[in-house]
Amino acid sequence: MRAFTTRGLSLLCAGAALLAGGLAIGQRDVVGLGVLVFAVPLLSLAALAGSPRRLAHSRTLQPERVTAGNDARVLIQVHNASPKRAVAGVLAEDTLPNLPHDAPRFDVGYLRPGATRDLSYRVRPPVRGGYPIGPLRLTIDDPLGCVRMRRTLGTHVPLLVTPPVVALPRMWPMGGAADSGESSSRFVTGVGEDDQVPRAYRHGDDLRRVHWRSTARVGKLMVRREEHRLGDHSAVLLDMRQGAHAGDGEDSSLETAVSAAASIGLHLIGRSQDVRLLTDEREVPGGRRETVLDALALTPASPAVRLGRGVDLVAGSPVAGTGLCVAILGALTDGDLAALARLGSAHSHRRVAVLCAAAAWPSPATLDTASDALARTGWLVYRIDTVEDLLDQGAPVHEGAGHAWGGAGR
């Protein structure tokens, strides 16, 4: 009975009434009319019987991972698997449970036996995270509007949305031990051309690094290995405490902090450093660009109140060579500032604090006080409203005590 629409139920009731009335008064014409009216929705039901089971679909995302604020295309194919029977009146509606988009609807219409209909639409997730795309809901109506059948096809496909990042300049942050050339790192390279160990050419390699002697010997393009440093270790602390941040969605200070951590982490990895990315509760998987972005895309906000746990994790992480100790922070309490001050005993130099100005600071004066306190304990302090503020070479507002950081302070 659930398959009948309001029109179909009305015709069933009207047909039954005419049939009963005609039999009661002995009018054969009324009985015949009642049988006809009663049979119309039943015939429609018989015509649609099995139609939903004859439909199949496939789904593809292009790409399967996208940066927040960028488009991803969803490609859907609806297929009539029956080799003999057509399906008509097909409406398709996709499901987007966690996206601020209206559910896309398509009038598929008539599908011949074995026919396939291609559907596509775009989604633009505003914030990082994992978004289920699907499943597909199909509605099949008969031409008279008496019967409506529904079916849900398949399950969802995950769309991974990574935080937006900015490419930091090679010398970020300006000046200081991080790029003064004074490093305990050692370089690994060949002594002469014959001593270098070449590797196979990869797309994007500089052709000036082609090792022609090995290329001639092996028979395929070989390039010299790049110099790389040993002993460069950095630690990045990301404050994910929900209560330390303010705002919602893409404009929240939490999302700004995540984007800043991703940008800084990728910047340090690009400098061939071993980077440990930590939150106020745990370590985030890292090591490669894709791993860092994927992990940060799915890292949830923390219910923690204090930052001490994350500071302890950073204190136990090595910072060596040209490495940095970086903290991306929301609103700080006196206890948080004391914990960050104690971190100086573990990492006596190369410390950078990035304060989110739009976080849950009680007042602008509190932000100024925290900035001053961090600077007195040796931190180079940046204030950012958006992740693009990291590109400002003059962004540091305080130079940590005892450090020769370059760049103009504000």
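Is R148 buried, partly exposed or exposed? R148 has 34% relative accessibility, so I logged it as partly exposed. Next I looked for its charged partner. R148 forms a salt bridge with D141, and the closest N and O atoms are 2.8 Å apart. Side chains of opposite charge can pair when their charged atoms come close.

**Other salt bridges**

How many salt bridges does the structure hold? I found twelve. One of them joins R276 and E283, with 2.6 Å between the closest N and O atoms. I checked the accessibility of both ends. R276 comes out at 25%, so it counts as partly exposed. E283 comes out at 40%, so it is partly exposed too.

I then took E290 and R288. Their side chains meet in a salt bridge at 3.3 Å, N to O. E290 has a relative accessible area of 37% and is therefore partly exposed. R288 reaches 51%; the cut-off for exposed is over 50%, so R288 counts as exposed. I also noted a network: D239, R241 and D336 are joined by salt bridges that share partners.

**S234**

I moved on to S234, which lies in strand 15, residues 233–238. Is S234 buried or exposed? Its relative accessibility is 1%, so S234 counts as buried. What does the side chain of S234 reach? It reaches the backbone nitrogen of L324, at 2.8 Å. I listed the contacts of S234, leaving out residues up to four places away in sequence. S234 touches L268, Q273, D274, V275, R276, P318, G323 and L324. R276 is on that list, and R276 is also the salt-bridge partner of E283.

**S272**

I checked the backbone at S272. Its phi is near 60 degrees, a positive value in a residue other than glycine. Most residues other than glycine have a negative phi. Where does S272 sit? I placed S272 in the loop between helix 4 (253–270) and strand 16 (274–279). S272 has 44% relative accessibility, so it is partly exposed.

**Cis peptide bonds**

I noted a cis peptide bond between Q62 and P63, with omega about -5 degrees. P63 lies in the loop between strand 1 (55–62) and strand 2 (65–67). I noted another between G134 and P135, with omega about 5 degrees. P135 sits in the loop between strand 7 (129–133) and strand 8 (136–141). Most peptide bonds are trans.

**P362**

I looked up another proline, P362. It is in the loop between strand 19 (351–356) and helix 8 (364–376). P362 shows 71% relative accessibility and so counts as exposed.

**A nonpolar surface patch**

Which residues form the nonpolar patch on the surface? I found Y201, L207, W212 and L221. Together they have about 420 Å² of accessible area. I looked at W212 in particular. W212 is found in helix 3, residues 212–218. At 59% relative accessibility, W212 counts as exposed because the value is over 50%.

**The whole chain**

I counted eight helices and 21 strands in the protein. Of the 410 residues, 45% are buried. The protein exposes about 20600 Å², and carbon and sulfur atoms supply 54% of that area. I also looked at contacts between residues at least 6 apart in sequence. Of these, 70% join residues at least 24 apart.

**Confidence**

I closed with pLDDT. The protein averages 84, and 86% of the residues score at least 70. Where does pLDDT stay under 50? I marked residues 175–195. For that stretch the model has 44 contacts beyond four places in sequence. I marked residues 401–410 as well, where pLDDT is below 50. That stretch has 37 contacts in the model beyond near neighbours in sequence. Where pLDDT is low, the predicted coordinates should not be read in detail.

Key:
Residues are numbered from 1 along each chain as its sequence is written. This is a predicted model: local features need pLDDT of at least 70, side-chain atom pairs count only at pLDDT 80 or more; totals for chains, interfaces and linings use all residues. Side-chain values use heavy atoms; hydrogens and water are left out. Patches are made of residues with over 30% relative accessible area and no salt bridge: like charges are joined within 9 Å, nonpolar side chains (Val, Leu, Ile, Met, Phe, Trp, Tyr) within 5 Å. Accessible areas come from the Shrake-Rupley method with a 1.4 Å probe; for residues, only the protein chains shown count as cover. A salt bridge is a side-chain nitrogen of Lys or Arg within 4 Å of a carboxyl oxygen of Asp or Glu. Helices (H or I, at least four residues) and strands (E, at least two) are DSSP runs, numbered from the N terminus. Buried means under 20% relative accessible area, exposed over 50%, partly exposed in between (1.4 Å probe, protein chains only). pLDDT is the predictor's confidence in each residue, from 0 to 100. Contact means heavy atoms within 4.5 Å. A polar contact is a pair of N or O atoms within 3.5 Å; within protein, one must be able to donate a hydrogen and the other to accept it, and residues adjacent in sequence count only if both atoms are side-chain atoms.
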